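Here's a quick briefing to read with the model open beside you.

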Amino acid sequence: MKYYIKKFFGVCFLLLAVAASINCASKSDNTSVPDGEDGGSNADTTFFKGADVGWLMQMEATGFKFYDAAGKQQDCLDILRDNGINAIRLRIFVNPSDDRISGHCSLAETVTMAKRCLAKGFKIMIDFHYSDTWADPSHQTKPAAWAKDDFPTLLTDVYDYTYHVLDTLQEQGCTPSWVQIGNEITGGMLWPTGSTDNWPQLSQLLNKGYAATKAVNDQIKVIVHIDQGNNNGRSRWFYDSAKAYHVNYDIIGLSYYPYWLNQDYTANIKDLANNLNDMVSRYQKPVMIVETGGADTAIQNTYDMLKAVIKTTAAVPDSHGLGVFYWEPEGARSWSRYKLSCWGADGKPTKALSAFK
């Protein structure tokens, strides 16, 4: 009898062990890896729907009030979250002015906003402009403090500044998920030193930003960002050059603005799809639309465009289309004079914002 009792309990123990093993394996299968990392069955397949809100602090400071669709005054971030936004992009300038439109976005302000956004559950992207104001395909002006530095010193400037910003953010408990080394750098950055006319120098500057990021936290994903995400020839030219000069990065970041191309999105959304798929296949990197937007006066069209961009990006094979970010949805024209927001002068979001739900 003792033998059978012992055998009975042994079988029970074995069954419990097997069940526990299966349960642990199931939990393991659902474990996320760091944001944006492609890694087989354990990859985080969250699709990120983001908003760049660099103007928000100044809008609030100057008295702009935000209301939900029902007319209830709310924190803008809560309204964004209720409309499906789960990530926030914050630009940072080196030594900005106090101009409400083209200044601010200092390190101190970025830390404040990052803390606030993380407290509400958003993931964070930091967009380094490496300038005292806007950097884009037409403007890549060096910070005034770096303007006379020679190339070796400029390399140190980029490394030290990138490290300082990210180390400060991490010490304050707000490590970003992603970092952009430059903003829309189709023609390079820190002109003329880092122009695409001089890829050997541009590549070193980009790699200094990458190295500083990884030195702070190697889980932060580094984005290299250009404009015209529907333009395959432009994209191939840039990222082929980046590959030839051994630029280090994790994610291809693209802007997509049919408005600035003077075209309806229906004329080039297939080009966007083809380019996204080609970028992933050609360079073995995931892709992200880090900027998009549409006219605030064409609300239905902007809504339809956003739906199409989200669908197109999410359809990139193997979850390599990571997300879509709207550039300044909250930046109502009545405050900013910007024509591509998702907000009205009444402080309410337009229907276009609900495309992210």
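Buried means under 20% relative accessible area, exposed means over 50%, and partly exposed is in between (1.4 Å probe, protein chains only). By that rule glycine 188 is buried, with a relative accessible area of 0%. Keep in mind that this is a predicted model: local features need pLDDT of at least 70, side-chain atom pairs count only at pLDDT 80 or more, and totals for chains, interfaces and linings use all residues. Residues are numbered from 1 along each chain as its sequence is written, and side-chain values use heavy atoms, with hydrogens and water left out.

**Confidence**
- The chain averages a pLDDT (the predictor's confidence in each residue, from 0 to 100) of 90, and 88% of the residues score at least 70.
- Over residues 1-42 pLDDT stays under 50, and the model has 24 contacts (heavy atoms within 4.5 Å) for them beyond four places in sequence.

**Around glycine 188**
- Glycine 188 sits in strand S5, residues 188-189; strands (E, at least two residues) and helices (H or I, at least four) are DSSP runs numbered from the N terminus.
- Leaving aside neighbours within four places in sequence, glycine 188 touches Gln140, Gly194, Ser195, Thr196 and Leu202.
- Its C-alpha atom is separated by 9.3 Å from that of aspartate 136, 52 residues apart along the chain.

**Nonpolar cores**
- A nonpolar core is a set of buried Ala, Val, Leu, Ile, Met, Phe, Trp, Tyr and Cys residues joined through side-chain atoms within 4.5 Å.
- The largest one has 91 residues, and Leu80, Ile88 and Trp343 are among those with the most contacts inside it.
- Helix H5 (residues 151-171) gives the most to this core, eight residues.
- Beyond four places in sequence, the contacts of leucine 80 include Ile88, Pro329 and Trp343.

**Pocket and cavity**
- On a 1 Å grid over the protein atoms alone, a cavity is a set of points where a 1.4 Å probe fits but cannot get out; a pocket is an open set with protein on both sides within 12 Å along at least five of seven lines; lining residues have an atom within 4 Å of a point.
- Grid points are joined across faces, edges and corners, and a volume is the space filled by probe spheres set on the points.
- The largest pocket has a volume of about 510 Å³.
- Of its 22 lining residues, Asp136, Glu184, Tyr257, Trp260 and Glu291 are the closest to the centre.
- The largest cavity has a volume of about 130 Å³, and Gly54, Met57, Cys105, Glu109 and Met113 lie nearest its centre.
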